[in-house]
Amino acid sequence: MYKFIIGLAVTLISLFAYFFFGASDEVLPKEKSFIVNSRVIQPLNNQWQFSKTSPVIAHSIAKENWQTVNLPHTWNAKDGQDGGGDYYRGTGTYKRTFTLDEKFTNKKIYLHFDGATTTATVYVNGKEVGQHKGNYAAFRFDITKQVKLGQDNIVVVTVNNEVDDTVAPLSADFTFFGGLYRKVRLIASNNIHIDNLDYASSGVYWSQTNISNEKAELDVRTKLFNENSEAATITITNLLRDANNTIVAKTSEQLQIKAQASVEYTSQIALENPHLWHGLDDPYLYQGETTISHNGKVVDQINQQLGLRYFRVDKDQGFILNGKPYPLYGINRMADFPKKGTAINQEDHERDIQLMLELGATGVRLGHQQRDDYVYQRADEIGLVIWAEVPLINRINTNQAFTDNVKQQALELVRQNYNHSSIMFWGLFNEITLKPGPDPRPIVKELNTLVKAEDPNRLTTAAVAASGEKALQDPLATTTDITSFNRYYAWYYGSFSDFTKFMDHARESAPDLSIALSEFGAGASDKIHTDTPTMQDHSEEYQAIFHEHYWQDLQDRDYVWGKFLWVLADFAVDNRDEGDTPGRNDKGLVTFDRKVKKDAFFWYKANWAKEPVTHITGRRFSTRTQALIDIKVYSNQAELELFVNKQSLGKLELNGNKKIIWPQVELTLGDNLIEVANNQGKIVDSIHLTRVNSTDTKISAKLLGIDTVNGKIYNLPHGISFSTLPTVLEYPRDSSVELIKGQHELALNSGDIIKVTAQDGKTSQEYTFDSAALSAFKPTSASAEIAANLSIGPIDIPIMSAAKANDNIITGMVDDMEDVNIWNAMGKAPHWWKVDLGAEYYIDRVEIVWPQHIDMLNVGPMAYSIESAKDFKQTFDVFSESYQVAVNQESNTVIGTTSDSIAKTARFIRVKLLKTQTFADAPIVGKYPIYGAEEISVIGGLLKSDTIDINYKNKTISAEKLHTVADALKLIQPITGGSIKVVNANNTILSNEAMLDKHSQLIVTDKSNTLSERYFFAN
């Protein structure tokens, strides 16, 4: 036991150090104020105090229990990306002190936030100064009357990221990371100033009303304030400077503004023979300056970078920039990172921007949400064409507050980003009919009218999910200036040919409709590889094939004005559970940490980049068991030569294609060097592949429990013979299987044994058929677990994984860490454990053996609940199971083993641990709570009865109330559309009138005729 406690202590100390010190922010010095033009800027990002609770509770917490954080910050950096859909959505409280120096004297002072999720309420020196609802836009409050010069001022911000029926989006396929996830600053201006409260925008709008190669005409709109007690005569000057800082256009005018009044002002400015902004080829920027002078002194000034350009979308030629076709293709981007969520910095943004440039993307859809201003600024500078989007997703509400909020967020998006020349499209919504809800078409029309009134010079569009015969005539597709569709044929539904049919049909039936592809993609883990990729297998190989098909179809469709694949990098969706990582959408061309570029990344780089590209695919599929394989290379070169172990396999011309395959290349046993040379003979890429004679003897099954360590196959369907085993089992590739106990011509039974011999002909494993609970060795996952051996100094702590809770093993009392057989969830509750049964069953009950067989463990009851979920098919809008509470044991007092009736049909069972009174006394750490279980058994079968007792463990049915076969067929029902029959000992089907006896057996089969169970009648 001492070793267990020491091991636990070391684990806890390590985890504590990781999560406390790793999650705690570095103590940075408070920032100093500085002057930009005539404005004072005071960053407020360092040394905030944070408590993940409401302000009422937070203010009662001792000072030392507040967490010091630096902005940007989110409280969901860990739980928002670990799966389970259980991340904290509630209130967090931030507070910080600041002192205003002499630069703020006689100034108007504003508190500016770049973003907060979702509702932020701001207090300064105890007084509420404002509230903002919306996740992604900047907001700003006038705090002049609340602050004091030369004294400590206290700002308190409460942020709440719960679902709000009055705030869009109501739902989305990403995590809503709560907190002050962008930066904060003070802005101070003189009393005569440009509007500071116009939706937190610059207050100056350079409208490119008439741009051509010969002349640029712009309207400059602004609103001016005089907050002095006397009227003022001001001079407003607008000018343009070129890249050499030379003034190339200028207007100036005097205005009279009354005391405590404002005036709206528009001036015109023109430039002959402008140098146009032309995307990646020539992202030329002017600087626009708006200056307010009073009594010969500049009192306010706003500078803007401006790229002068004109554009349109042609129904036949696609996107036209400055009068020339400009093929627009690229990527969608989500902006979260591991252990950071959306609380990221400029370096993180820049990393993604450089990946986009490496790809050769000409455009980016920054959909779903408004982005950090830095991203739009960099797009201006480097020449990426941007689609920016209102965060209206999945469905709407019809209450007026929701409509007003959507319009508010649209105005924030447009006004805050009006002068970013890279933005050419305002996206109004994404997949707005994806979830059931009210008709969104009226609000879409209102939104389009609003945005076009705000900015008539840009095009409105939308990402439409509508399908069916009338999709192209749907107002969702026709209300905006141009439209776009999200399509996932051959991933969530359909086939590659269906995508081609859709594109052909769209062109033929609506030739005047300008369309784009706003999303298309497939998931892939860089750790999942196969020789036989299939739809939704999350292999890197299938993702590559998917994108090959899509781009080969799209590349010659010039009329498609935009082609935006989904997505640059994997990102967090806490309620997803697919691929190899819960909480992850893995459709990225690069991994979540941006460290691995998947093969599909290089497919697009070969097609889009101007620099030479050659990439051999399959490098992470480095161990091969096949002697003959295809070598596939992505390249934009004219000719390539393949070398295997320094031997040339010949040259092949690409003939304009970006993919070339050398079929059936022979690998030798051991290491193989694969090299590709260009037509100058230079090696331009190489990988190593190791061919082995596989020693793999692990069988797998989607519907059965397989213990590959101890050689057990649990709950084989009734009637399966040795020859039909491949219908329910998958053998290792090139292995051989023999029956060593049992009869070939008869159905297999418990106790029969098969032997699997690996490809090498030497390694073998025997498997015995056995029966157990439905959950035995079925796939499991958990919210928190030690997933691998942890070695720290002399202590080696073995795995305590979620699978320990359904391994059909319950140990006796142990005092050694090596013998522990529990699932141990680390950290604070709640925790969850779930099992996928593979198919729907009637769940009679769930039995849980709580931790109790570890010597000196202080055992107490755990509060828990049990949830069930039915089978589901992953589709475009359904990507995980939906749970319902079946049992609530928040007041559980039972210690040891519990058994709860479920009485529901389900495929998934999830146990949630809410509180615990079980703990261990660990050195240094002290009393540590223990969550988890030694064994969780899901008991049930393919049939049910409301009146007849069924023993699902022993597969017996009480015959006390049954006399004839008709009685059994009447009182016992198969589930999920299955069938039942009653047979005798010779397997002959009995008639309804036949009497039941001790030899009678009931056979139940599911509707797919794959699963089958045999029950005996017992008196």
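**Reading a predicted model: burial, cores and confidence**

Mentor: Let's begin with Arg594, which counts as buried at 8% relative accessibility.

Trainee: Why is Arg594 called buried?

Mentor: Buried means under 20% relative accessible area. Arg594 has 8%, so Arg594 counts as buried. Arg594 sits in the loop between strand S32 (581–585) and H10, and has a positive phi of about 65° although it is not a glycine.

Trainee: And what makes Asn394 buried or exposed?

Mentor: The relative accessible area of Asn394 is 5%. That is under the 20% cut-off, therefore Asn394 is buried. Asn394 is in the loop between strand S25 (385–389) and helix H5 (400–416). Asn394 is not a glycine either, yet has a positive phi, about 75°.

Trainee: Which residues have the most contacts inside the largest nonpolar core?

Mentor: They are Leu392, Phe429, Met503, Phe546 and Tyr604, in a core of 99 residues. Helix H10 (residues 599–608) gives this core its largest share, seven residues. Beyond its neighbours within four places in sequence, Tyr604 has contacts that include Leu359, Phe520, Trp551 and Leu589.

Trainee: How do you know how far to trust residues 12–23?

Mentor: This is a predicted model, with a mean pLDDT of 93 for the protein. Over residues 12–23, though, pLDDT stays under 50. On a confidence scale from 0 to 100, that is low, and where pLDDT is low, the predicted coordinates should not be read in detail. The model has 16 contacts beyond four places in sequence for residues 12–23. Residues 787–799 also have pLDDT below 50.

Key:
Residues numbered from 1 in each chain as written. Predicted model: local features only at pLDDT ≥ 70, side-chain atom pairs only at ≥ 80, totals over all residues. Heavy atoms only, no water. Core = buried A, V, L, I, M, F, W, Y, C linked by side-chain atoms within 4.5 Å. Buried < 20%, exposed > 50% of the residue type's maximum accessible area, 1.4 Å probe, protein only. Helix = DSSP H or I, 4+ residues; strand = E, 2+ residues; numbered from the N terminus. Contact = heavy atoms within 4.5 Å. pLDDT = per-residue confidence, 0-100.
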